[in-house]
Amino acid sequence: MHLGIDEPRECQYNQICTHNSSPMETPHSKKRKVKRKWQIFPGRNKFYCNGRIMMAKQTGVFYLTIVLILVTSGLFFAFDCPFLASNLTPAIPAIGGVLFLFVIGMLLRASFSDPGVLPRATPEEAADVERQIDAANGAGGPGYRPPPRTREVVINGQTVKLKYCFTCKIFRPPRASHCSLCDNCVERFDHHCPWVGNCVGKRNYRFFYLFILSLSFLTIFIFAFVITHVILRSNRTGFLSALKDSPASVLEVVVCFFSVWSIVGLSGFHTYLISSNQTTNEDIKGSWSTKRGKDNYNPYSYGNILTNCCAALCGPLPPSLIDRRGFVQPDTPQPAAQSNGTNTCPTTQLQSHMAAVTTPLLHAQPILLGGGPVLQPKPSVGGPCSALGPGQPSLPSSIPGLSCGGEVLALHDSENHCHHHLHHQHFISPEETPCAAHLGHHMPLYDPASQDSLHEDSVRGLVKLSSV
């Protein structure tokens with residue numbers, strides 16, 4: 001016994017692709033290839049060793065730095081150290097080797113590290129920030145120009161402005177800036193150094209400073225002992241003979257002479273910045289210069305040179321915020337589409353069709369099938385469905401709009417027409433399949449617990465609804 005709809009209409013059906021599926025195979029049995037976050041990183045960076053190494057896109061000057069250090073040091077150890085070790089002391093090559101290894105280690109540490117990149121805002125976070133900005137600025141007329149997107153915070157009595165980054169969609173924290181070469185916002189941004197092939201920020205500044213400081217000592221060390229080597233040989237065989245005996249010394253002297261001034265000067269400049277707890281970006285802009293005002297001062301300085309140096313070089317190293325080696329978690333995982341070579345069932349079409357049915361069903365809204373009249377869901381009054389026969393299970397009362405109080409929402413269609421489209425059946429829900437017994441074909445119940453054990457002949461014609 002069932003209550004049907006008086007006006008006949010065409011039944012809509014859907015078909016599940018069950019070709020080449022075993023009884024224990026499910027759409028989720030095929031594992032999807034999981035990507036890491038560095039593979040979809042939005043900035044202009046290069047990653048190596050599965051995301052462990054992070055560098056800028058322009059790395060040509062970095063390789064030049066490596067070549068200059070390796071060639072100059074190699075010539076020194078090959079042509080000068082043997083003579084100096086035998087005529088002066090073996091400590092010279094030992095000290096040179098320690099300095100060389102320390103320089104290379106600090107260079108690689110500064111070049112391969114995350115400088116302190118700030119993660120970009122998600123679309124939801126960016127939309128929320130936009131709403132906050134619109135609410136703060138208010139509505140404007142046609143010629144209205146919104147004010148600069150800034151916020152102000154007070155740090156140690158000094159007002160600091162936080163600028164809005166239109167690329168990362170965030171208000172940059174204090175001392176952060178956006179690098180135009182790497183296209184990232186970097187925390188405590190100092191500068192972009194092409195010689196190390198990376199930005200210099202909060203997480204790698206100490207390694208950059210130790211690199212240029214140790215490189216200054218290594219350059220002075222090589223330059224001084226190469227001159228010593230040439231002088232000692234000149235005293236024995238003459239100046240020209242000394243140059244002929246050790247031609248590599250000439251190249252070492254030239255390279256060290258023209259590079260020592262810039263390296264030592266850069267080391268001295270950053271020593272001044274560390275002692276005053278400033279960054280290169282702040283010093284160039286004159287952010288804390290007294291020329292801007294008598295009350296303008298650096299709120300980040302501890303007031304002591306030793307304390308500022310310890311904070312920059314010996315403080316705790318913050319963790320990376322971008323988690324570049326983490327796995328990408330899809331918001332809505334999609335089941336893999338099945339294919340038998342000749343006919344495929346597109347996953348997107350099936351999901352969009354299922355979403356169109358489940359959305360009004362879950363919200364207890366009127367459902368329209370095949371252009372027919374609207375089926376209004378009946379209010380749930382509890383108890384079994386009186387319209388079902390004794391051998392048919394009642395509709396579940398846990399889903400709103402499906403429990404019936406003496407009535408059942410059934411499809412009243414032509415039996416011959418429905419039997420013709422038996423392989424394209426469309427039901428409002430899987431639990432409603434027993435009410436369609438008048439179609440002349442007994443369909444098995446949909447049991448989620450035994451989903452993996454359904455055979456191909458019994459699963460054909462059912463529509464599996466995914467939980468929303």
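Is Glu-130 buried, partly exposed or exposed, and what is its relative accessible area? Glu-130 is partly exposed in this predicted model, at a relative accessible area of 23%. The legends below start with its salt-bridge partner.

**Figure 1. Arg-149 and Glu-130 join their side chains in a salt bridge.** The N to O distance here is 2.9 Å. Glu-130 belongs to helix H3 (123-137), while Arg-149 sits in the loop between that helix and strand S3 (150-155), so the contact ties together parts 19 residues apart in sequence. Arg-149 is partly exposed, with 24% relative accessibility.

**Figure 2. Lys-37 and Asp-323 form a salt bridge through their side chains.** Nitrogen and oxygen are 3.5 Å apart in this view. Because Lys-37 lies in the segment before strand S1 (45-48) and Asp-323 in the loop between helix H8 (305-313) and helix H9 (347-362), the pair ties together parts that are 286 residues apart in sequence. Lys-37 is partly exposed at 32% relative accessibility, and Asp-323 is partly exposed at 42%.

**Figure 3. Arg-44 and Asp-183 meet in a salt bridge within a network.** Their side chains come together at 4.0 Å, N to O. This pair links distant parts of the chain, 139 residues apart: Arg-44 is in the segment before S1, and Asp-183 is in the loop between strand S6 (177-179) and strand S7 (184-186). Asp-183 is buried, with a relative accessible area of 15%, whereas Arg-44 is partly exposed at 36%. Arg-120 joins Arg-44 and Asp-183 in the network of salt bridges.

**Figure 4. The whole structure holds 9 salt bridges.** Among them are the pairs Arg-149 with Glu-130, Lys-37 with Asp-323 and Arg-44 with Asp-183.

Methods:
Residues are numbered from 1 along each chain as its sequence is written. This is a predicted model: local features need pLDDT of at least 70, side-chain atom pairs count only at pLDDT 80 or more; totals for chains, interfaces and linings use all residues. Side-chain values use heavy atoms; hydrogens and water are left out. Helices (H or I, at least four residues) and strands (E, at least two) are DSSP runs, numbered from the N terminus. Buried means under 20% relative accessible area, exposed over 50%, partly exposed in between (1.4 Å probe, protein chains only).
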